[in-house]
Amino acid sequence: MSAPAGWGLDEDEADEMPLSTRLSIADTLTLGNATCGFMAVYFTTTGVLIPHLTGNGDGGMARSSAATAVMLMLMASIFDLFDGIVARKLRASAMGAELDNLSDLISFGLAPAYFVLVWGMVASDAHQHVSALAAIVVLLAVVLRLARFSCVTLRDGIFQGMPSPFGALTVVSIVLLELPFVPTLLAIIGTAWLMVSRVEYPKPRGKLAVGMLSWIVLAMGMLAAWALDSPGGELLLQTGCALQLVLGAVIPLFATARRVNTFRYNRREARAGLGARP
């Protein structure tokens, strides 16, 4: 019986292996992203959904598990941020882009959609079907966004549509704010629409990447304070979630204003060029 491919190879034979079968450092970070997404689903199930279904719900445990699930999504976004940086600085494998999309689908598609679904089940039995529909909308928005990202070429430095990590964090922030059901539902659907829209978002590079990382770390601290029921923890959580929603609303407005100004500038330049002709 022959050994599986890649087993028992010496160093020279290993160097001749196809690039697609070997993981780079960036790929390892990407797999960390996928692992965080899966564990977010695990904590949402074991700490929030199962206690609710069995009638053994403990408010403190549900809060801690929900906070842990969201922290894992935040950790996934850190892995997603750094795998791109590492891939640009070091060698990236041939399957890096595919791994990135699949991991993003787990962490920023399945995990937040499942979070929305469980929220609907826990919040009210009457809203289960509607929350399931909202969860499907979130999941499909991420699927469509990732598919479009793979086949559409844009100018360097921008994303088209809200990036899936940002969208996932916005969705869970909406849920954690505990607004009335209808405004929560509309905000979730609006976020899903932004993910598949043509609104341009800047890629997190340089100072923007540092700012994003700082915001993620700060958000994790707010979640920890809320989970531990620290004094002011509830207010910190609400403040952080509200700021995430404000960022989600303001960035498209700035992007649209910049696009309009660029269009007007180009029109003025075109007219000036026509007027300057002999």
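This is a predicted model: local features need pLDDT of at least 70, side-chain atom pairs count only at pLDDT 80 or more; totals for chains, interfaces and linings use all residues.
Local features need pLDDT of at least 70, side-chain atom pairs count only at pLDDT 80 or more, and totals for chains, interfaces and linings use all residues. Residues are numbered from 1 along each chain as its sequence is written, and side-chain values use heavy atoms, with hydrogens and water left out.

Reader: How far apart are the end C-alpha atoms of helix H2?
Author: Helices are DSSP runs (H or I, at least four residues), numbered from the N terminus. H2 covers residues 25-54, 30 residues. The expected span is 1.5 Å times one less than the number of residues, so H2 should span 44 Å. The model agrees, with the ends 42 Å apart.

Reader: At which residue does H2 bend by about 35°?
Author: The bend is the angle between axes fitted to the seven residues ending at a residue and the seven starting there. For H2, the angle of about 35° falls at Thr45.

Reader: Is Ser77 buried or exposed?
Author: Ser77 sits in helix H3, residues 59-89. Buried means under 20% relative accessible area, exposed over 50%, partly exposed in between (1.4 Å probe, protein chains only). Ser77 has 4%, so Ser77 is buried.

Reader: Which residues does Ser77 touch?
Author: Contact means heavy atoms within 4.5 Å. Residues up to four places away in sequence are not counted. That leaves Phe108, Pro165, Leu169 and Ile216.

Reader: Which element gives the largest share of the lining of the largest pocket?
Author: A pocket is an open set of points on a 1 Å grid over the protein atoms alone, where a 1.4 Å probe fits, with protein on both sides within 12 Å along at least five of seven lines; lining residues have an atom within 4 Å of a point. The largest pocket is lined by 42 residues. Eight of the lining residues, the largest share, come from H3.

Notes. Helices (H or I, at least four residues) and strands (E, at least two) are DSSP runs, numbered from the N terminus.
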